[in-house]
Amino acid sequence: MMTISYEYEGALYVNLTNKCDCACVFCLRHNGHKGSIYADDLWLEHEPSREEALADLTARDLASYRELVFCGFGEPTFRIDDILWLVDQLKVRVPALPPTRINTNGHANLIHGRDVVPELKGRIDTVSISLNGSTAEEYCAVTQPRDGVKGWEAMLDFTKEATAYVPHVIMTIVDKDKSPEEIQHCRELAESLGAKLRVRAYIPE
Ligand code: SF4
């Protein structure tokens, strides 16, 4: 069994890849985890094709969800072309398609070596970017990006650019081990890029 999509709090989450260019210290992909509190078997034996994902999604009553969220047990923008194809297909098939969101590390342009952000326009309603720290040093220590500090810069550039194409741009941090001052630094950084900061509660495994 593999889980391409699963429900959580009224939204439908879509999992298309295990790949990631980070190795966050808190990531569930490490230590042999195959699932999370959200679903049991998120580790994909193979990446579903775009057609497999479309079949999975169209078998559901999509209009009944409050949001359609591309996340993954990895970094979803490794499959950005397929995500955008899926949204186009679903918009044709489902008149009342719920708003769409991508939960991302913001590295899409770095991963693909081209600017994908303009392609989000009219397709993605919200991007939620993991900020994880208010300085390059802190960010790199927590997320261990493959490309080091370039990952930090790519994430900031992606966020700023997204605000021109996507209605809702959110940066998220987890409150664990963060002082009020650090949270305030993160808020100022997000706002300087035109994004909003969302502070999430830490969920222990
Ligand atoms: S960016 Fe997300 S998927 Fe990638 S290592 Fe970090 S938590 Fe895991």
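Trainee: What makes a residue count as one of those around the ligand?

Mentor: A residue is near a molecule if one of its heavy atoms lies within 4 Å of it. By that rule the residues around the ligand are Cys20, Cys22, Ala23, Cys24, Phe26, Cys27, Arg29, Gly74 and Asn105. Keep in mind that this is a predicted model: local features need pLDDT of at least 70 and side-chain atom pairs pLDDT 80 or more, while totals for chains, interfaces and linings use all residues. Residues are numbered from 1 along each chain as its sequence is written, and side-chain values use heavy atoms, without hydrogens and water.

Trainee: How does the shell around the ligand divide into nonpolar, polar and charged?

Mentor: Six are nonpolar, two polar and one charged. Ala, Val, Leu, Ile, Met, Phe, Trp, Tyr, Cys and Pro count as nonpolar, Asp, Glu, Lys and Arg as charged, and the others, Gly among them, as polar.

Trainee: Why is Thr104 called buried?

Mentor: Buried means under 20% relative accessible area, with exposed over 50% and partly exposed in between (1.4 Å probe, protein chains only). Thr104 has 2% relative accessibility, so it counts as buried. It is found in strand E4, residues 100-104; strands are DSSP runs (E, at least two residues) numbered from the N terminus.

Trainee: What makes the pair of Thr104 and Glu75 a polar contact?

Mentor: The term asks for N or O atoms within 3.5 Å; within protein, one must be able to donate a hydrogen and the other to accept it, and residues adjacent in sequence count only if both atoms are side-chain atoms. The side chains of Thr104 and Glu75 make such a contact at 2.7 Å. The side chain of Thr104 also reaches the backbone nitrogen of Gly106 at 2.9 Å.

Trainee: Is Arg101 buried or exposed, and why?

Mentor: Arg101 counts as buried because its relative accessibility is 10%. This residue is in strand E4 too, and its side chain makes a polar contact with that of Glu67 at 3.1 Å.

Trainee: Which residues does Arg101 touch, not counting residues up to four places away in sequence?

Mentor: With contact meaning heavy atoms within 4.5 Å, Arg101 touches Tyr13, Glu67, Leu68, Val69, Phe70, Ile124, Thr126 and Ser128. The C-alpha atoms of Arg101 and Tyr139, 38 residues apart along the chain, are separated by 23 Å.

Definitions and conventions: Helix = DSSP H or I, 4+ residues; strand = E, 2+ residues; numbered from the N terminus.
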